[in-house]
Each structure stands twice: as structure tokens, then as C-alpha cells.
Amino acid sequence: MKKKYIMAPGPTEVPPEVLAEAAKPVMHHRTPQFRRILTEVLDNMKYVLGTTRSVYILASSGTGAMEAAIANVVSAGDKVIVGTIGAFGDRWESMAKAYGAAVVKIAPEWGYALKVEEVKAALDANPDATALFIQLNETSTGVYNDVEAIGKLTANHKALLVVDGISGIGAQPFYMDKWGVDVTVIGSQKGLMIPPGLAYVSCSEKAWKVIEANKTPKFYFDLKRYEKSLTKEKMPDTPWTSAVSLIMQQAVALRLIKEETNEKVWERHAKLSKAVREGIKALGLELFAKENPAVVLTSIVAPQGIDTKILVKKIRDDYGISMAGGQGKMEGLIFRVGTLGYTDRFDPIMGVAAVEMALKEMGAAIEIGKGVKRVMEVLMEDYK
Ligand SMILES: *Cc1c(COP(=O)(O)O)cnc(C)c1O
């Protein structure tokens, strides 16, 4: 037997009561019973996103919500700005180009966040840009962006602010309305603590005007159809068959979040990621994030002579813990330890212990116990 754990930045572990919900009989989706659950999920998603605007539920992974955002706000020939700090930011660029947009790109070196002055300069230089695409948290590098400051810039610009909050929302502060975010996208398998398969989109009034005028061909992801289904009858509905079991699971997971409160959820992620970072530093390893280190995961530079593809495989196959390696140009060079979603105080200890043991077995020059000792000290201090 091998007990398995997930310490990856998605998919993440799912609480037992949420797993059990999926074993319940499937309901018909166009019934008052199901639509009560849908209503609850939509209300609680507004709470998590910090919005009073409609929330649309898509049966897709997070990337589907990214595509829905693009297909509804971008028209071929538009000029858009992409602020990319890693692989997921690059996905915005590829997608916008696939829809025929001309892309102005801001791309600091990986490991760094977007500089607010550089974003301002790009917006000033491109008054005709129709949208700015960014990440709240860039999962590939473990760096988050200052969305609040960037929102102040787009508030006075024609461009819509489109934020991929797929890994960051439900883990770190995010206020869609207060920060002036125009389109928010999020997936279900990260901070929202259910299996992969659902994604969410919400749009500001400024975005909605653009969406109503948008002529880009689309059907399944046409957000106007989602809005119509939400509002045409007394209780909300989805335009196509709802992913019934996932939505039932989401209802249970959101109750857990609501009960803990957004603020306490954010604080827990901050504490756990800090413990991992401190442990890794005590071990003598280098963090990959040079600023704004993520709370959903810790990105770590491989010690001399260690291929992180082999390290991650060893931790998964020998110890039963799924972590993540590097993506894109960082493949083999960094690895990422998740502290996202259903995680608590003892997870950082396990994660850093596994890293120490695997590195030692692979011949790295580290002293085992040094990182874990520091993790324990930091946790005892922060949980006093
Ligand atoms: C996971 C992730 C995605 C992609 O989501 P999928 O569910 O794999 O489609 C996009 N952006 C960020 C920041 C992510 O963390």
C-alpha cells in the first residue's frame, strides 16, 4: 500500500466531505432541487470573487474560461496588451493571436512580477488597446502580480482588465469589484477544492458593453447565452446541461470556504507558504521567485547537478507525494511545492521533509532535518 498526497498547484486535494458528495445520485439539472444548489454556488462564488456581478459556470477546465474571456471581448484586428510573467501569461498571448488580435507584450524575466510603471507606459503608448490580460498568480514561476495597482490604471483607460485568477483566487486577496477587474476567470481544481472540470467567468459592466457588441463567432462559450439562462426565469439555469455532480461538490466546498471566511483562507495560505519558503532557505536552496512570492506554491531552484524531472518523479513514485516540476523553459531546472486549497499546518512539514529526503538520496549536498526544523519553528511561531 502507498498513501498518496497532492502537493501540486492543481489539481489539489479534495476534502472528504466534498469527495463523498460526488457519490450521490445525479439530479436532473432543470429541477427546483438542483437550481437551489446552483443558486447557492453562484452566491458563494460572488463572495469568493468579491463581486455583485453575475458569475457564469462553464463545464471546462480553467483554459476554457480563458478562451471564453477572449472569444467574448476580443475581435479580430483588435490591439491588446498581454502582461506575461510565465507560461500561463504566454497562453494569453497565444490565445489572443489565435483570435486575430495584435498583441503588445510586456514580459519581464521569469521570477519577477509585472512592474506597474511598465504597464502604465504600455497603456499610455497604446490608447487604442481594447484589453489588458494578466495573471493574479503565475503558477509556472510562483510569482503574483499587484492586480490592485494595475486595476487603478485600466480604470481610466479604454482597455478592459482581464485577470486569470485560476490559481490565485481562493488563496490570496482578490476583490474583483473594488480593484476594478473587468473579466475574472477561475478554475475549480485549485483553491476551490473540487476535482477538475468546472470554470467560472465574471464580467464588469464595462466589459459587458464590449461583450454585447462583440461579433467574434462563438457558441458554447457565448456569455450572452449564460446571462440569459441565469435571468430568464425565477431561478438561475445554465444554457447547456449543468455539470451536476461537480456543482454539487462545489456547493459543499464553498460552504467550507464561507465558514472559514475569505480572510482566514488567505491567511492560512500565507502562513503555509511562508513556512515552506523559510524551510527551503534554511536548507540552503534558492527560491525562484525574486519578488512577490506566491502563496499557492513555492518555486525552488534545483541544487547543482539535480534534474527536477527526476526529483519530482522520485517524490511521486517512491514517497507517494505529487509535486510539480518546471514548465516551459524552466523544465528540469526548478520544482514547485504546492500549499493550495485543502492544506493545513502539517503539510509544509511533509513537503519539506520529502524534498530533503529525496535530495539526500540523489546525492545533493544538504543536511537533512535543517529545513524541517525551520518549518516547525516558523509554524509554531505563526500558529501561537
Ligand atoms: C492551472 C492554470 C491554468 C490552466 O488551467 P487548466 O484548468 O489546466 O485549463 C491557467 N492559468 C493559471 C494561472 C493556472 O494556474
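## Domains and cores

Keep in mind that this is a predicted model. As for how they meet, 31 residues of domain 1 are in contact with 24 residues of domain 2.

The largest nonpolar core holds 86 residues, and Phe133 and Val201 have the most contacts inside it. Helix H10 (residues 244-260) supplies the largest share of this core, with nine residues. Domain 1 (16-259) and domain 2 (262-382) both give residues to this core, so it lies between them. A second, separate core has 31 residues, among them Ala275, Phe335, Val337 and Val352.

What does Phe133 touch, leaving aside its neighbours within four places in sequence? Its partners are Ile70, Val73, Val74, Val80, Ile81, Val82, Gly83, Trp92 and Val162.

## The ligand site

There are 13 residues around the ligand, and Ser61, Thr63, Thr139, Asp164 and Lys190 come nearest. A side-chain N or O atom of Thr63 is 2.4 Å from an oxygen atom of the ligand. Thr139 has a polar side-chain atom 2.4 Å from a ligand oxygen atom, and for Lys190 the distance from a polar side-chain atom to an oxygen atom of the ligand is 2.7 Å.

Thr139 sits in the loop between strand E6 (137-138) and strand E7 (143-144). Is Thr139 buried or exposed? With a relative accessible area of 5%, under the 20% cut-off, Thr139 is buried. Not counting residues up to four places away in sequence, Thr139 touches Pro9, Phe88, Ser167, Leu297, Gln327 and Arg336.

Ser273 belongs to helix H11 (residues 262-282). At 0% relative accessibility, Ser273 counts as buried. Setting aside residues up to four places away in sequence, Ser273 touches Ala294, Val295, Thr298 and Thr339. With Val295, the C-alpha to C-alpha separation is 5.1 Å, although Ser273 and Val295 are 22 residues apart in sequence.

Now for a bit of helix geometry. An α-helix has 3.6 residues a turn, so residues three or four places apart point the same way.

In helix H5 (residues 116-125), the buried residues include Val119, Ala122 and Leu123. They span an arc of only 100° around the axis, which puts them on the same side of H5. The other side of H5 has Glu117, Asp124 and Ala125 exposed. The cover over the buried residues of H5 includes strand E3 (79-83), strand E4 (102-106), strand E5 (131-135) and helix H6 (147-154).

Helix H8 (residues 205-213) has Ala207, Trp208 and Ile211 as its buried residues. Again the arc around the axis is only 100°, so they are on the same side of H8. Glu205, Lys209 and Glu212 are exposed on the face of H8 turned away from its buried side. What do the buried residues of H8 pack against? They pack against strand E2 (55-58), helix H3 (62-73), strand E8 (160-164), E9, E10 and helix H9 (223-231). At the start of H8, a side-chain oxygen of Ser204 comes within 3.3 Å of the backbone nitrogen of Lys206.

Most residues other than glycine have a negative phi, and most peptide bonds are trans. Here are the spots to check against that.

The peptide bond from Gly10 to Pro11 is cis, with omega near -10°. Pro11 lies in the loop between strand E1 (5-6) and helix H1 (16-21).

Met193 isn't a glycine, yet its phi is positive, near 65°. Met193 is in the loop between strand E9 (183-187) and strand E10 (199-203), and at 6% relative accessibility Met193 counts as buried. Thr261, also not a glycine, has a positive phi of about 85°. Thr261 falls in the loop between H10 and H11, and its 27% relative accessibility makes Thr261 partly exposed.

Terms used
Residues are numbered from 1 along each chain as its sequence is written. This is a predicted model: local features need pLDDT of at least 70, side-chain atom pairs count only at pLDDT 80 or more; totals for chains, interfaces and linings use all residues. Side-chain values use heavy atoms; hydrogens and water are left out. A nonpolar core is a set of buried Ala, Val, Leu, Ile, Met, Phe, Trp, Tyr and Cys residues joined through side-chain atoms within 4.5 Å. Buried means under 20% relative accessible area, exposed over 50%, partly exposed in between (1.4 Å probe, protein chains only). Helices (H or I, at least four residues) and strands (E, at least two) are DSSP runs, numbered from the N terminus. Domain bounds come from an automatic or database domain assignment. Contact means heavy atoms within 4.5 Å. The arc is that of the directions from the helix axis to the C-beta atoms. A residue is near a molecule or strand if one of its heavy atoms lies within 4 Å of it. A polar contact is a pair of N or O atoms within 3.5 Å; within protein, one must be able to donate a hydrogen and the other to accept it, and residues adjacent in sequence count only if both atoms are side-chain atoms.
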